[in-house]
Amino acid sequence: MSGNSPFRAWWAQRPPAAGAAVMATGIVSVGLHLTGAETLSRIALVLACVAWAGLAVDFVARLLLDRGRWLTDARTPGALTAVAATTVLGTRFSALGRQTLAEALLALSAVLWPPLLILVVRHWTRRMPGAVFLDCVATQGLAVLAATLAAALTAAWLAHTALVLFWLGLVLYGFALARFDRRQVLEGPGDQWIAGGALAISALAGAKLLAADSARLYLWNDDDRGVLRTVTVALLVLDLAWYAVLLVAEAVRPRPRYDVRRWATVFPMGMTAVAMLSTEAALDIPWLKGPGQVLVWVAVAAWLTVAAGAAAAERAALGKGF
């Protein structure tokens, strides 16, 4: 394949936010696993891994061969999808019992997180799109994976690290909310949904922290558990409120045209479902299970819709090059 091939030209134009496709596919895999649809879950996991591998190769290639382009991309909020996507895959692999692989993905995301977070935050502007909330999503992704591994490996230090990341993620959400352009609720091309998705992954982190506690670890006393329970439930309620508001906004002002940022719509949908199911299990709130399962299939339908739009758009883009 020549250096000027249409495929290479198309691939070079892929924005950093394309990592949201891995996040969306990975969280759909997690949701399907929680509903018992294991075969579909593993198919989604394979797709997510293939996409992650392609983006990882591109990430390294640009870092080594096109440092200027890499730095330009790394300053955008979409760069943090690299961290978030890696933590989502790590969480799914942990559920499969592949703890060593999950640990490796946690280590990789922990290495990527500080420099990318600093670069992104330093280049914030006054009115930002929904992608501004990826600072919270990436941080809470680390908290979720660390708490998941803390339970799997009986490692208290991971749980305590996850707790610090959990609170830091909430602080970052507050800063992001101050920068968020509220007009994006009605005008955003898809990534405005991350405003709710960041709360969903925060609620998931809270649920994972509660689930990590055990007689062997004894992580939290009654007061700690009470605070975590209250905050987790509050985050889930706020997430569902965002979900409703954004859904109404989509109905009031439909935006049917495909945009790569639509993957950032699927991710919050799937994350809300996973947060509900995980909160149901960790806090013993049975009535959350039914709605959570329904929202998993809503996220699957959204994934299929966006995937069809992506396939059509990319086929058209490749066709123009020939």
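Trainee: What should I keep in mind about the model and its numbering?

Mentor: It's a predicted model, where local features need pLDDT of at least 70, side-chain atom pairs count only at pLDDT 80 or more, and totals for chains, interfaces and linings use all residues. Residues are numbered from 1 along each chain as its sequence is written, and side-chain values use heavy atoms, with hydrogens and water left out.

Trainee: Why is threonine 148 called buried?

Mentor: Buried means under 20% relative accessible area, exposed over 50%, and partly exposed in between, with a 1.4 Å probe and protein chains only. Threonine 148 has a relative accessible area of 10%, so it counts as buried. Threonine 148 is found in helix H7 (residues 134-153); helices are DSSP runs of H or I with at least four residues, numbered from the N terminus.

Trainee: What does threonine 148 touch?

Mentor: Leaving aside residues up to four places away in sequence, Thr91, Ser94 and Lys208. Contact means heavy atoms within 4.5 Å.

Trainee: Why does arginine 255 count as buried?

Mentor: Its relative accessibility is 16%, so arginine 255 gets the buried label. Arginine 255 sits in the loop between H11 and H12. Its contacts, again not counting residues up to four places away in sequence, include Gln184, Glu187, Glu250 and Arg262.

Trainee: Which backbone oxygen does the side chain of arginine 255 reach?

Mentor: That of valine 185, at 3.5 Å. A polar contact is a pair of N or O atoms within 3.5 Å; within protein, one must be able to donate a hydrogen and the other to accept it, and residues adjacent in sequence count only if both atoms are side-chain atoms.

Trainee: Why is tyrosine 218 called exposed?

Mentor: Tyrosine 218 has 59% relative accessibility, so it counts as exposed. Tyrosine 218 lies in the loop between H10 and H11 and has a positive phi of about 45° although it is not a glycine.

Trainee: What about aspartate 284: buried or exposed?

Mentor: Exposed, because its relative accessible area is 60%. Aspartate 284 is in the loop between H12 and H13, and its phi is positive too, about 55°, although it is not a glycine.

Trainee: How many aromatic pairs does the structure hold?

Mentor: Seven. Among them, tryptophan 193 and tyrosine 243 form an edge-to-face pair, 5.4 Å centre to centre with 90° between the planes. Rings of Phe, Tyr and Trp (its six-membered ring) pair if their centres lie within 6.5 Å; planes under 30 degrees apart count as stacked, over 60 as edge-to-face and the rest as tilted.

Trainee: Which parts does that pair tie together?

Mentor: Tryptophan 193 lies in the loop between helix H9 (184-187) and helix H10 (194-212), and tyrosine 243 in helix H11 (residues 222-252), so the pair links parts that are 50 residues apart in sequence. Both tryptophan 193 and tyrosine 243 are buried.

Trainee: What makes something a cavity here?

Mentor: On a 1 Å grid over the protein atoms alone, a cavity is a set of points where a 1.4 Å probe fits but cannot get out, and lining residues have an atom within 4 Å of a point. Grid points are joined across faces, edges and corners, and a volume is the space filled by probe spheres set on the points. The count comes to one cavity of 30 Å³ or more.

Trainee: Which helix gives the most to the lining of the largest cavity?

Mentor: H2, with three residues. The lining is Ile27, Val28, Gly31, Gly270, Ala273, Val296 and Ala299.

Conventions:
1 Å grid on protein atoms, 1.4 Å probe; cavity = no way out; pocket = protein on both sides within 12 Å on 5 of 7 lines; lining within 4 Å. Helix = DSSP H or I, 4+ residues; strand = E, 2+ residues; numbered from the N terminus.
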